[in-house]
Amino acid sequence: MIVILLLIVCGSLFATTPPAEFAEHVIDLTGGSQAVIADLNKDGKPDIIAIAGGEKELVWFENPAWQRHVLASELSGMTNVAAWDIDGDGIPELVLAHEFAADPKSSLGILSVLKHGVDPRQPWKITEIDRIPTSHLLRWADLKGDGRRTLVNAPLSGITPGKTPLVSYKPGAWIRETISEENEGPVHGMNIAKWDAESAEAILTAGVGGIHLFRLGLEGECLRTEITKIGSTDVAAGSLGRREERIPFLAALDPTPTTQISVYRPEGKIPWKRQVIVDSLVPGGTILTADLNADRNDEIISGGYIFYALNAKGDRWSKSVLDSDGAGAANCVVADLNADGKTDIVCIGAASLKWYENRGVRK
């Protein structure tokens, strides 16, 4: 299937390249909740790690033939995995959150590190490093801007009602450090983003209590900024425009009876102005942003669709269908899987793992 991303200029001075085309490839017919891109065998080709809901095995698919390999087995309640090369040997270590339950009182919330052996195609060694109830979302982030990454863990909720922790770990020591306990209620989404042109990265969280930004101050203190009080299940940062004229925006999933997509833009005295660009979408899933046609403008990917701005201000958007089955994906990620210089999309959903190959700019 070829998905064509249409772009209608409609007289605007908003300059973009023509749209990109995508070809759909089914990698596996086992559904899941998260896909992660990482080179697991040091061959220079990005592979795909997949968490399958209800399955006991953590698996990966080897690029380019997509052979299935088992990383670890006899696991339950897997929610998230994060990949980073800690020891510099060219193959990342993996941190896995498992033994999850939504109720903190019955959730072990185990965090484990997986390390490859001589043959990364064989099962990896798994070592527990911590337990914190409802451990849910894991991301690596350079919070100080010094090139050193720490692991950020965003549990779904806290033991104390209304106090949801956000914690981090320095690799190797794996000592839990509290970033904040200011979030209230369940936190369903977390992403890492550059902010204010600083080298340090920031944390965006989305939950029942709204969307919040976390940064480290000059003294290492946590600075929390409220973007909106409107509840959200996921959030991602993007930008439009060229060079110094780039306009930032946030894209969020709002859990209404029919899931909405909202775009937040800085405007005048309003720190972030909200605009609903989609008021009916397949419930659930995640949201992300990426420049899919190399025009320096980020698109929004969610629910089996691609949303793209029709002007530089970002107050007019349109969409195209990404998934031919019409089913929303639980999780999508972007990477150049075939080394052709184009950004591809990988999505995992209830019944499949798919690669959407970027065929380049439409002529």
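What share of the 363 residues in the protein is buried? Buried residues make up 51%, where buried means under 20% relative accessible area with a 1.4 Å probe, protein chains only.

## Basis

This is a predicted model: local features need pLDDT of at least 70, side-chain atom pairs count only at pLDDT 80 or more, and totals for chains, interfaces and linings use all residues. Residues are numbered from 1 along each chain as its sequence is written, and side-chain values use heavy atoms, leaving out hydrogens and water.

## Fold and dimensions

The protein has 29 strands and 0 helices. Strands are DSSP runs of E, at least two residues; helices are runs of H or I, at least four.

The C-alpha trace spans about 60 × 45 × 40 Å along its principal axes.

## Nonpolar core

The largest nonpolar core has 17 residues. Such a core is a set of buried Ala, Val, Leu, Ile, Met, Phe, Trp, Tyr and Cys residues joined through side-chain atoms within 4.5 Å. Leu40, Ile49, Leu58, Leu71, Leu94, Leu96 and Leu114 have the most contacts inside it. Elements giving two or more residues to this core are β3 (34-38), β4 (47-51), β5 (58-62), β6 (67-72) and β8 (93-98).

Leu71 touches Trp60, Pro123 and Trp124, among others, not counting residues up to four places away in sequence. Contact means heavy atoms within 4.5 Å.

Definitions and conventions
Buried means under 20% relative accessible area, exposed over 50%, partly exposed in between (1.4 Å probe, protein chains only).
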